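Let's take a friendly walk through the spaces inside a protein model. Keep the 3D view open as you read.

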Amino acid sequence: MTLSRRVITLALVAAGLFAVQVAHADQLDDIKKKGELVVGVLGTDEPNSFIDPKTREIIGYEVDLARAIATRLGVKLQIKQLAVAARIPELQQGHVDLLAASLTHNKEREAVIDFSLTTFVTGQKVLVKADSGIQNVAALAGKKVVTIKGGTQEPNIRKAVPQVDVVTFDTGPQAFQALQQGKGVAFVNDEVSLLDQHAKLGAASAQYRILDQNISVEPLAIGIRKGEKRLKAEVDAALSGLEKGGEADKLFVKWYGPDTRLKFPKRTFKIDSDKVES
C-alpha cells in the first residue's frame, strides 16, 4: 500500500470511529430534538410510582424526580410502565431514555448500565404471617418464600439463607397476594414497599409482621444507558439542584413523611453521590 493510500485509509478509519463516537454520544441531543424524555417506571411500587385511583395516571416520588429532569432538559415527560425484569433490556434497546423504576444501583449492574446520583436508600426485609412462628430470617431455611422476578430480592435472600426455596412473580402485589394465599411463608421486598403493603391492610395488618433484620441495603438511582456521559451529567445536575434547593426533602416528605401512610420521621440520606459499596 502506498503512503498516500495508507493516509487516506487511516483518515477514513478515523472518520468512521469519530462518527461512531458522535452517534453514541447523541442521546441527549436526540432527546432535545424530539422534545420528549421517555422514562420507564414500574407503576406498581407505591409511593415510588403507582397508578392514582382517581386520575388513572402514574404518580409518585420517582415520577416527580423524572419530571424535574425533563424540566431541566426543557422537554416533555412521557412515562412508560415496565415490568421489573424488563427494565434494563428496555433501556439498553432504546425503548426508554431513563429508568426511574425502584432500580438498585450495585456493582454488577454497573457493567451494563450507568446510574445517576443515589435518589433513595432503603433495605430489603421479610414479611411473614404473625402466626407463622418465624422470628428471624435464618428460620426461612428449607421454606418457600415469594418475591419479585428480575430484582435484587431473590439473589439477596438466597445469599442470606442459602437453603431457601424462592418463587417469583412479576409484581410486588402479585407476590404479596401469593403470600396471603399461602403459596409461601414469607414475602421478600424493599422495606418501603413492605411497609406500604402492610399499611394498606388496615385492621388485617395485625395478621402480618415485618422481621427486624435487613437482608441488604439498597441504594436506588436513575438508570442511564451505558456511556451516555452528557445525559448523566444533566440528570445528576437536575437531582443535585433538587438537593441544594431543598426540593428533595420536600419530595421525601410528600411521599414518605409523617403525614403519609408510611410515616417516615425524617430523611436519612442525601442526593449527593453515585458511589456504592462493592
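## What counts as a pocket

A pocket is an open set of grid points with protein on both sides within 12 Å along at least five of seven lines. Keep in mind that this model is predicted.

## The second largest pocket

With that in hand, look at the second largest pocket, which holds about 400 Å³ of space. It is lined by 30 residues, and Thr44, Asp45, Gly172, Pro173 and Gln197 are the closest to its centre. Helix H6 (172-180) gives the largest share of this lining, five residues. By class, the lining of the second largest pocket has eight nonpolar, 14 polar and eight charged residues.

## The largest pocket

The largest pocket has a volume of about 670 Å³. Among its 23 lining residues, His105, Asn106, Val217, Pro219 and Glu277 lie nearest the centre. Strand E7, helix H5 (153-160) and strand E12 (216-225) each give two or more residues to this lining, and the largest share, four residues, comes from E12.

Helix H2 (residues 27-34) and helix H8 (residues 229-245) pack at an angle of about 65 degrees, their axes 7 Å apart. The two helices, H2 and H8, are therefore roughly perpendicular to each other. Where they meet, Gln27, Leu28, Asp29 and Ile31 of H2 contact Arg230, Leu231 and Glu234 of H8.

Terms used: Residues numbered from 1 in each chain as written. Predicted model: local features only at pLDDT ≥ 70, side-chain atom pairs only at ≥ 80, totals over all residues. Heavy atoms only, no water. Axes fitted to C-alpha atoms, helices over the stretch in contact; angles between N-to-C directions. Parallel < 35°, antiparallel > 145°, perpendicular 65-115°, else oblique. Contact = heavy atoms within 4.5 Å. 1 Å grid on protein atoms, 1.4 Å probe; cavity = no way out; pocket = protein on both sides within 12 Å on 5 of 7 lines; lining within 4 Å. Points joined across faces, edges and corners; volume = space filled by probe spheres on them. Nonpolar A, V, L, I, M, F, W, Y, C, P; charged D, E, K, R; others polar.
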